[in-house]
Amino acid sequence: MSTVTTHEAFVHPALFYRTEQEYTRQTVAFLREGLANAEPMAVAVPGPNLELIKSALGADAEGILFLDMTEAGRNPGRIIPKVLRGFADAHLQGRVRIIGEPIWAGRSAVEYPACAQHEALINAAFEGRAVTILCPYDEVRLDPQVIADAKVTHPTLISGEGRERASDVYDWQAIVSRYNQELPTAADAAVFSYGEEDLPAARHFAHAQAARLGLAAERLMDVKLAVAELTTNSVVHGGGRGTLAIWAEQEQLLIEVRDAGRLTDPLAGRRPPERGQVGGRGLMLVHYVSDLVRVHTGDDGTTVRFYLSL
């Protein structure tokens, strides 16, 4: 693996691997290069891959932060603020090096659009910063479309043998746009329309419907918090009114808020607030308490849908 990572500000390569040996060889080489440069490092990959890297590093694993991405990044929308920015912002002097594997075999078709957008938005979130984020992709087990999209979201591509080249299709904004997909509401959803005077009733409606559909009691407060943030945002920024819908589907509770607002900031909800900032935390809170968040914004308004496991 070359030392391109030391020459530019933000560097975001994709690593395409086919075997455990390729995966281990390239990720460990990447980390040993960081050790040689005394760079703070974090590894956020699925558990089995985490163990491969730890085992290969041996004593050199000491001092590296290891996170199971299937837990820390279950909702891809919280990876940038909580995992990547969380680590990078704690090490502002010098270059930071991270391995992040947010897409693994087993991610659902419902999750994938948010994963692809996450990989695209990393480029905006870290533009100009001295950070290197290597993203491994399993060429054998992942869908060919996932591999094709990775070549669009990553400016640098690395093969399992370590060959490195610039992507000739890099265009992260295209992926954000492609997966800004419409989100039709289920026909059997329970629906509540609200204005400013109805915000308390909207929270109570969401709590009651979530309980009726079987959400665990300890997560009902998450529902009320998320719904409070989204419905208040509708009143303040989305035309003063909105529609709340709730239903269950494939062992998940789905809750969505639709309003006439237009979300123009692609990093909304993924940018940690600045010190002393008042407001601007609502959508990020929704990301933090949810298993998945999908957003669609268009000329006629915005839909924010969040998912909780039943």
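# Helix packing and salt bridges

Q: What is the orientation of α4 and α5 to each other?
A: In this predicted model, local features need pLDDT of at least 70 and side-chain atom pairs count only at pLDDT 80 or more, while totals for chains, interfaces and linings use all residues. The axes of helix α4 (residues 79–88) and helix α5 (residues 112–125) cross at roughly 55° and come within 11 Å; axes are lines fitted to C-alpha atoms, for helices over the stretch in contact, and angles run from 0 to 180 degrees between N-to-C directions. Angles under 35 degrees count as roughly parallel, over 145 as roughly antiparallel, 65 to 115 as roughly perpendicular, and the rest as oblique. α4 and α5 are therefore oblique.

Q: Which residues of α5 meet α4?
A: Helices (H or I, at least four residues) and strands (E, at least two) are DSSP runs, numbered from the N terminus. Contact here means heavy atoms within 4.5 Å. On the α4 side the residues are I79, I80 and L84, and their partners in α5 are H118, L121, I122 and A125.

Q: How many charged residues are in the contact of α4 with α5?
A: Ala, Val, Leu, Ile, Met, Phe, Trp, Tyr, Cys and Pro count as nonpolar, Asp, Glu, Lys and Arg as charged, and the others, Gly among them, as polar. By that scheme the contact has six nonpolar residues and one polar residue, and the number of charged residues is: none.

Q: How many of the ten residues of α4 are buried?
A: Buried means under 20% relative accessible area, exposed over 50%, and partly exposed in between (1.4 Å probe, protein chains only). The buried residues of α4 are I79, I80, P81, V83, L84, R85, F87 and A88. The helix is therefore largely enclosed by the rest of the structure, the buried count being eight.

Q: What is the orientation of α9 and α10 to each other?
A: The axes of helix α9 (residues 220–237) and helix α10 (residues 282–289) come within 9 Å. They cross at roughly 155°. α9 and α10 are therefore roughly antiparallel.

Q: Which hand does the crossing of α9 and α10 have?
A: A crossing is left-handed if the near helix is turned anticlockwise from the far one by less than a right angle, and right-handed if clockwise. α4 passes α5 in a right-handed crossing. The crossing of α9 with α10 is left-handed.

Q: How many charged residues are in the contact of α9 with α10?
A: D222, L225, A226, E229 and L230 of α9 meet G282, L283, L285, V286 and V289 of α10. By class, seven residues of this contact are nonpolar and one is polar, and the charged ones number two.

Q: At what angle do α1 and α2 pack?
A: The crossing of α1 over α2 is right-handed. E20, Y23, T24, T27, V28, L31 and R32 of α1 make the contact with N49, L52, I53, A56 and L57 of α2. By class, it has seven nonpolar, three polar and two charged residues. The axes are 10 Å apart, and the angle is about 60°.

Q: Which residue forms a salt bridge with R32?
A: Residues are numbered from 1 along each chain as its sequence is written, and side-chain values use heavy atoms, with hydrogens and water left out. A salt bridge is a side-chain nitrogen of Lys or Arg within 4 Å of a carboxyl oxygen of Asp or Glu. For R32 the closest N and O atoms are 2.2 Å apart, and the partner is D60.

Q: How many residues apart in sequence are the parts that R32 and D60 tie together?
A: R32 is partly exposed at 34% relative accessibility, and D60 is partly exposed at 33%. R32 lies in helix α1 (residues 20–36) and D60 in the loop between α2 (47–57) and β3 (65–68), so the sequence distance bridged by the pair is 28 residues.

Q: What is the relative accessible area of R163?
A: R163 forms a salt bridge with E161, the closest N and O atoms being 3.3 Å apart. E161 counts as partly exposed at 47%. R163 is exposed, and its relative accessible area is 57%.

Q: How many salt bridges does the structure hold?
A: D265 and R271 form one at 2.7 Å, N to O. E33, E39 and R97 are linked in a network of salt bridges. The structure's total is 17.
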